[in-house]
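Trainee: Could you take me through the aromatic rings in this one? I'd like a close look at how they pair up and what sits over them.

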Amino acid sequence: MPTLQDPSGARNHLDTLNPEQREAVEHLEGPLLVLAGAGSGKTRVLTSRVVHLIREHGISPDRILAVTFTNKAAGEMRERIRSMLGGDPAGIWIGTFHSLGARLLRRHAELLGWASTFTIFDAEESLREIKRVQVGLDIDPKRWKPKALRTVLSDAKNQLVSPEEFWEDHGEGFDLFLRQAARVYPEYQSSLKAQNAFDFDDLLVKPIQLFEGHAQVLERYRSRFGFLLVDEYQDTNRAQYRFLELLGKEHGNLMVVGDDDQSIYGWRGADIRNILDFEGTFPDAKVIRLERNYRSTERILQAANEVIRQNLRRKGKTLHTDRAGGDLLTVVECLDERDEARWIVETIQGWKEGAMDGRYRGFSILYRTNAQSRALEDAFRRAGVPYQIVGGVRFYERREIQDVLAYLRIISNPLDEAAFLRVVNYPRRGVGDTSKERLVQWAQEERMTLLEGARRATEIPDLRGQSAASLERFAELIQVYSGRAARVSVGRLLEELIEELDLLTNLRDEGPDGEDRAENVKELVAGALDFDARLVEEWEGDPPDHFTELDLFLQHVALVTDVDRHDPDSDAVTLMTLHNAKGLEFPIVFIAGMEDGLFPLSRSFDEPEQLEEERRLFYVGITRAEDRLVLTHARERRRAGDFTYGSLSSFVEAVPAELRETERTPAVLRRSGPAGTGTRRLARTRASEQPDPDLDLDMELNQDLPRFTKGERVAHGTFGSGSVVDVDGFGRDLKVVVNFDSVGRKKLLARYADLTKEMGG
């Protein structure tokens with residue numbers, strides 16, 4: 001192994017560590033659980049441990065596997081390790097579970113029946129594929145929502161439930177929705193395989209199938225990776241746990257770093273029991289708590305500690321800091337979401353001039369649901385204040401970017417039918433829907449790919465000459481660029497393709513948004529020109545001849561997340577959901593929408609586990625703030641077209657009174673004198689046509705409580721569509737009787753039923 005020298009001193013990596021951090025870094029063999037509180041320097045511990053293993057114990061970098069939860073974190077970890085070692089740790093694997101899974105599959109996909117040039121379908125592409133499968137099975141996508149089906153299939157995969165097992169459990173069961181999912185699941189998987197494609201969840205599941213079905217492959221990686229390090233362990237699901245178990249259980253050199261108080265992804269399959277029961281799985285595990293916070297003031301941490309202490313399912317720890325005192329938390333009552341947004345923007349403008357050196361990047365606004373960003377964006381635009389949204393419409397999901405990527409996908413993978421159908425007539429080349437239908441039918445009958453069918457389009461019966469000629473030219477274009485992909489960089493390939501298609505001119509001709517779309521494509525080209533394939537893959541020896549930089553670029557693009565695209569150097573206010581905020585920090589943080597029913601969401605009130613996860617999410621929000629935290633709540637808020645009314649979140653009330661100060665916006669002061677009276681009076685006049693004066697309206701009028709009237713049409717995720725025939729009760733006890741088209745009458749508690757109103761209903 002080449003010697004890596006640290007120019008700043010042999011033991012530099014230990015000098016800045018506190019005693020608990022140092023103990024974790026110096027641990028050598030055996031399982032280790034590091035309970036790392038928010039802002040406690042866990043990234044420093046992880047990187048220092050890698051450096052310590054290499055420098056002090058002579059462990060070769062290629063025997064170390066480090067798992068992170070974002071690509072950005074993986075890049076930062078590698079850069080820190082390189083800096084501390086004074087050289088590149090060649091051979092080390094650092095990445096997310098998904099990127100590491102993709103890396104394994106690039107090497108061994110053939111063992112599972114895929115080619116190594118597979119396509120990775122992102123969320124939108126998998127959704128379209130599920131819809132295509134539904135149509136083929138005559139399962140109405142309007143009645144059985146593709147998004148709901150995708151969620152069920154994703155959950156099944158993350159729980160390692162195969163299509164066959166899912167059919168056994170639900171194929172002939174009483175739940176009509178799950179019966180449809182049981183039909184879709186195997187056909188969806190077959191369609192992916194036919195197109196040489198994986199979806200995101202397959203990147204977790206297929207490596208496990210690879211290990212379990214091919215002992216020699218498992219033994220190769222089990223013996224290679226003698227040391228495993230895992231970040232954000234509290235957010236692992238069943239599939240990720242099994243992956244680590246297969247690789248690390250035998251030698252036991254598994255270090256996991258996490259915070260059970262920040263486990264916030266239960267809704268997408270994360271299992272908090274993985275961290276809570278770690279000592280049960282590894283009885284000889286060592287446990288180290290990192291409780292010293294280097295980020296926030298004393299008052300912010302006191303508030304966080306008091307809030308999270310109410311949770312029962314936790315390991316238990318108390319954050320402390322040397323940053324004594326600090327500003328009180330500010331709780332601001334607003335009139336509505338527009339008043340809330342206006343007050344936040346004006347406050348940021350004032351504070352920026354006074355304390356932020358004229359910069360906006362020190363401010364962040366967090367919220368529970370994406371829908372809350374609309375009013376905030378309006379206020380920022382009106383005020384001319386720069387902002388960036390983490391989340392929202394993702395760059396790689398924009399229509400024009402998806403079109404260009406579809407070209408690259410079909411160039412890389414000729415079996416990708418979804419990509420073929422997306423761009424075969426883009427830009428327009430005279431291949432209409434009828435021509436595509438005839439091509440698809442003929443290709444199926446002749447048992448060939450769509451691309452091969454396009455090559456032989458003149459043989460297709462009833463296909464117009466112009467369409468056939470266009471299909472043949474398209475097939476020739478793809479063939480030419482497939483050849484080019486093996487010889488030129490992906491950046492150059494993309495430049496040539498866009499020029500040949502005259503794509504920028506076509507986009508600019510689309511109208512007012514055309515120039516923006518063209519600029520987005522130019523940004524994609526710039527990213528391709530900067531792309532360094534070595535950051536995605538390091539081959540032992542020479543890469544396979546049939547493998548290209550284009551394949552790695554598409555893999556990189558498919559795995560980019562919202563947080564990866566956050567630019568901390570941009571002088572703009574950052575807006576994002578609380579889920580997207582984990583791992584980030586800002587001097588001043590606003591959490592908007594602190595009303596019962598919105599945060600926490602109504603559906604969590606009677607589900608203790610959900611309520612604890614909502615509380616952990618609030619804890620995450622609090623601990624993003626370094627210097628100041630502001631919590632805003634509105635008396636009324638427009639949601640889904642209706643006005644709703646709510647009271648201050650119980651989460652805020654859990655913060656001791658001596659840690660918070662209260663304010664009201666000018667609009668609230670104008671509307672109603674003393675704090676609180678206006679809210680209650682307004683709620684009583686609008687809550688119901690026949691208000692009951694004995695009801696606790698502050699509880700009853702929370703954000704998510706639906707209202708229904710007899711005769712209107714509604715839809716249910718399991719039972720499908722139906723008509724409301726009776727409404728009984730009030731507020732949280734509202735019950736509706738629905739006559740469903742498929743299963744007859746059902747009496748449902750409205751706050752649990754998740755009914756949606758159908759247009760025209």
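Predicted model: local features only at pLDDT ≥ 70, side-chain atom pairs only at ≥ 80, totals over all residues.

Mentor: Searching the whole structure turns up 23 aromatic pairs. Let's take Y233 and F278: their ring centres are 5.8 Å apart and the planes meet at 85°, so with anything over 60 degrees counting as edge-to-face, that is what this pair is. What parts of the chain does the pair link? Distant ones: Y233 belongs to the loop between β6 (227–230) and α12 (238–248), while F278 is in helix α14 (residues 278–281), and 45 residues separate the two. Now, are these two residues buried or exposed? The cut-off for buried is under 20% relative accessible area, so Y233, at 1%, is buried. F278 also comes out at 1%, so F278 counts as buried too.

Next, have a look at the cluster. Ring pairs tie together F69, W93, F97, F211, Y221, F225 and F243. Pick W93 out of that cluster and you'll find a charge as well: the charged end of R103 sits over the W93 ring, 4.3 Å from the ring centre. Another arginine does this kind of thing at F118, where the charged end of R106 lies over the ring, 3.9 Å from its centre.

Aromatics turn up in helix packing, too. Helix α18 (residues 399–412) and helix α22 (residues 465–485) have axes that come within 8 Å and cross at roughly 75°, which makes α18 roughly perpendicular to α22. Among the residues making that contact are Y407 of α18, and F474 and Y481 of α22. By class, the contact has 8 nonpolar residues, 1 polar and no charged ones.

How values were computed. Residues numbered from 1 in each chain as written. Heavy atoms only, no water. Axes fitted to C-alpha atoms, helices over the stretch in contact; angles between N-to-C directions. Helix = DSSP H or I, 4+ residues; strand = E, 2+ residues; numbered from the N terminus. Parallel < 35°, antiparallel > 145°, perpendicular 65-115°, else oblique. Contact = heavy atoms within 4.5 Å. Nonpolar A, V, L, I, M, F, W, Y, C, P; charged D, E, K, R; others polar. Phe/Tyr/Trp six-rings, centres within 6.5 Å; stacked < 30°, edge-to-face > 60°. Buried < 20%, exposed > 50% of the residue type's maximum accessible area, 1.4 Å probe, protein only. Lys NZ or Arg CZ within 6 Å of the ring centre and 35° of its normal.
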